[in-house]
Amino acid sequence: MQKIHLLETKSTNTYLIDALAKGSNYDEYDVIYTMRQTAGRGQMGNSWESEPDRNISFSMLLRPLFLPIREQFVISEIACLAIAEALDCFGLSDISIKWPNDIYCGDEKICGMLIENSLTGSRFSQCVVGIGINVNQTQWIGNAPNPTSMLLKLDREIDPIAVMDNVIEVIIGYYEKLKQGKKDVIHDLYLSRLYRREGFFSYQDAENGKFFMARIKTIEPSGHLQLEDPEGSTYRYMFKEVKFVLPYGVTKE
């Protein structure tokens, strides 16, 4: 495994994907990282704001040729679990996973992720896992409703490289478990760390704008979220089809 440092780049995901398309020879687990990402990308066209030299952004190459496309959500589960466990190690509390792949500390977002897959037939050819962690940033100029950082939560500066190295180590550990066929164990651990995993909360249907109370019933292996309202009716959503209503407002799922 090699870790390649870029002094500055628009997006570590874009850099790695473009390099692979041009024939660059990268191996599984290779990582591109920077502390100066100028145009970070999030899910479904969202942007990721990162103050230069205060945070860490990195992308890891995986080649899960053994994994059927219908099970691709397990890669997201692995990355989320790894980040959550790594942040635990630095002394953060109340770390959870907001479906599908945001990492929260309390009700605030501390990490975002963008996973981009390339397919050959019914199998993966490559998977680029992009991660942005708010380490030492304290102010945001964009319109993100609820960002936070390790510094704000711990009241001390943290080495961003040490955070990345910890996450990488845990990702590899979970990925090896996946190769051993332990996807059910991974899925159960993911469910156990979900934000709002217990109780009824407010959500908004993105299509019709309706607000409703519901609890998380389960997450399907496909990544679909099942919500159950107080009357027992079940609603099934994919990414961006439902919004979490937070103390800060409505998130942009």
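Because the model is predicted, local features were taken only at pLDDT of at least 70 and side-chain atom pairs only at pLDDT 80 or more, whereas totals for chains, interfaces and linings use all residues. Residues are numbered from 1 along each chain as its sequence is written, and side-chain values rest on heavy atoms, with hydrogens and water left out.

The secondary structure of the protein consists of five helices and 15 strands; both are DSSP runs numbered from the N terminus, helices being H or I with at least four residues and strands E with at least two. The radius of gyration, taken over C-alpha atoms, is 18 Å, which agrees with the value near 18 Å for a compact globule of 253 residues. The globule rule used here is 2.2 Å times the number of residues to the power 0.38. Along the principal axes, the C-alpha atoms fill a box of roughly 55 × 45 × 30 Å.

Of the 253 residues, 51% are buried. Buried denotes under 20% relative accessible area, exposed over 50%, and partly exposed the range in between, with a 1.4 Å probe and protein chains only. The accessible surface of the protein, from the Shrake-Rupley method with a 1.4 Å probe and, for residues, only the protein chains shown as cover, comes to about 11700 Å². Carbon and sulfur atoms account for 49% of that surface. Among contacts (heavy atoms within 4.5 Å) with a separation of 6 or more, 64% are between residues 24 or more positions apart.

The protein carries 27 positive and 34 negative side chains, where Lys and Arg count as positive, Asp and Glu as negative, and His and the chain ends are not counted. With each charge placed at NZ of Lys, CZ of Arg, CG of Asp or CD of Glu, the centres of the two sets lie 3 Å apart. A salt bridge is defined as a side-chain nitrogen of Lys or Arg within 4 Å of a carboxyl oxygen of Asp or Glu, and the count by this rule is 11.

Asp102 takes part in two of the pairs described here. Its salt bridge with Lys98 has the closest N and O atoms 3.9 Å apart, and the one with Lys109 has an N to O distance of 3.3 Å. Asp102 is buried at a relative accessible area of 14%, and Lys98 is also buried, at 0%. Lys109, by contrast, is partly exposed at 21%.

In helix α4 (residues 160–179), Glu176 and Lys179 are three residues apart, which means a separation of about one helical turn. Their side chains form a salt bridge with an N to O distance of 3.6 Å. Glu176 is partly exposed at 31% relative accessible area, as is Lys179 at 40%. Glu28 joins Glu176 and Lys179 in a network of salt bridges.

Lys177 is also found in helix α4 and is partly exposed, with a relative accessible area of 36%. Leaving aside neighbours within four places in sequence, Lys177 is in contact with Lys182 and Ile186. The C-alpha atoms of Lys177 and Ile78 are separated by 9.6 Å, the two residues being 99 residues apart along the chain.

Several backbone features fall in loops. The peptide bond between Trp99 and Pro100 is cis, with omega about 0°; Pro100 lies in the loop between β6 (95–98) and β7 (102–105). Tyr29, which is not a glycine, has a positive phi of about 80°. Tyr29 is located in the loop between α1 (12–21) and β2 (31–34) and is buried, with 12% relative accessible area. Asp53, also not a glycine, has a positive phi of about 70°. Asp53 belongs to the loop between β4 (47–48) and β5 (56–62) and is partly exposed at 38%.

Tyr195 lies in the loop between α5 (183–192) and β10 (201–205) and is buried at 6% relative accessibility. The C-alpha atoms of Tyr195 and Ser96 are 5.1 Å apart, although the residues are separated by 99 residues along the chain. Not counting residues up to four places away in sequence, Tyr195 touches Ser96, Ile97, Lys98, Tyr104, Gly106, Asp107, Ile216, Phe244 and Leu246.
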